[in-house]
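Dear colleague,

I am passing on the structure below, together with some notes on how parts of it are arranged. Please keep it open while you read the rest.

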Amino acid sequence: MRFEGKVAIVTGAGSGIGRATANRFASEGARVCLVDVNEDGLQGSLPEGDHMILTCDVSDETQVEGVVKAVMDKWGRIDAVANNAGIACTKEAIMDNDMAVWPKVLGVNLIGVANFIKHAGRVMCDQGSGAIVNTASVAGIRSGAGGNAYSASKAGVINLTQTAACDLGGFNVRVNAVCPGLIETGMTKPIFDIARDKGKEEKLGSRCELRRYGRPEEIAAAICFLASDDASYITGQALPVDGGNTASL
Ligand code: NAD
């Protein structure tokens, strides 16, 4: 019960890793605000215990400010934020990119994270405590995994994590990131569907040392570790949670 009496916000909580993270926070005693642009997804994510759901597009600063205000109005504090909302893009050479994709992907995956760091970070600085965990990706560490706008957005999240850790560290607020490898979620469903159709599901895990793909709960566990006091002396770090995918770089 590491989050007894604490308040956590989880973005992208309507599916996949965010849903698992909201559940993990709740199972350890947190009051959880689940945020997503997809209302139906949120309805399918409701955890046990005290919680609230808010539909919000994380790329819109005004909406993010509204979420932070609503949480403060209800619970009066914010101890943890899991910045997890994200979108993918097609994997193709940059020469073939539809450039309209870039502001969209960066808006959600990078600026969405910055919006919450700014507004929840202000609350945490006033409190003199708090922890923010951003979901980056192995695609932010090396190229090739997710399409160029996606990979660039995740590299940006890793860099933003370091910058924000410097800005907020003096207020006893920690900022870290997780870098998941391949996890079965809504985002990766098309990849899994194709592999299963071809009878090649096992191949999906073959690029990492543990020889299997990951589960959303395994990322949620790492996020909640970094958000908890167990990680009280860790800030500015990007932790690969990838079955060893990046170990053999
Ligand atoms: P998912 O599609 O299952 O969940 C993502 C959630 O984010 C969805 O519920 C979606 O509605 C929400 N979302 C999208 N745009 C939003 C917006 N503008 N505002 C608010 N919510 C929005 O995918 P997932 O795999 O659980 O993704 C979670 C995070 O993990 C993402 O940041 C993704 O990039 C990252 N990630 C996933 C994998 C993987 O293999 N699944 C690997 C590395 C990183």
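A crossing of two helices is called right-handed if the near helix is turned clockwise from the far one by less than a right angle, and left-handed if it is turned anticlockwise. Please bear in mind that this is a predicted model.

With that term in hand, the crossing of α3 and α4 is right-handed. Helix α3, residues 61–75, packs against α4 at an angle of about 30°, and their axes are 9 Å apart; since angles under 35 degrees count as roughly parallel, the two helices are therefore roughly parallel to each other. In this contact Glu61, Val64, Glu65, Val68 and Met72 of α3 meet Asn115, Phe116, His119, Ala120 and Val123 of α4, a set that divides into 6 nonpolar, 2 polar and 2 charged residues.

Helix α4 also packs with helix α5, residues 148–169, at an angle of about 15° and with the axes 9 Å apart, and the pair is therefore roughly parallel as well. Here too α4 passes α5 in a right-handed crossing. Among the residues that meet are Val101, Trp102 and Leu106 in α4 and Tyr150, Lys154 and Leu160 in α5, and by class this contact has 16 nonpolar, 4 polar and 1 charged residues.

Turning to the ligand, 30 residues surround it, the closest being Gly12, Gly16, Gly86, Gly186 and Met187. This shell divides into 11 nonpolar, 17 polar and 2 charged residues. Helices α1 (16–27) and α4 (101–127) each supply at least two residues of the shell, and the largest share, 3 residues, comes from α1.

With best wishes

Terms used
Residues numbered from 1 in each chain as written. Predicted model: local features only at pLDDT ≥ 70, side-chain atom pairs only at ≥ 80, totals over all residues. Near = placed C-beta within 6 Å. Helix = DSSP H or I, 4+ residues; strand = E, 2+ residues; numbered from the N terminus. Nonpolar A, V, L, I, M, F, W, Y, C, P; charged D, E, K, R; others polar. Axes fitted to C-alpha atoms, helices over the stretch in contact; angles between N-to-C directions. Parallel < 35°, antiparallel > 145°, perpendicular 65-115°, else oblique. Contact = placed C-beta atoms within 7 Å.
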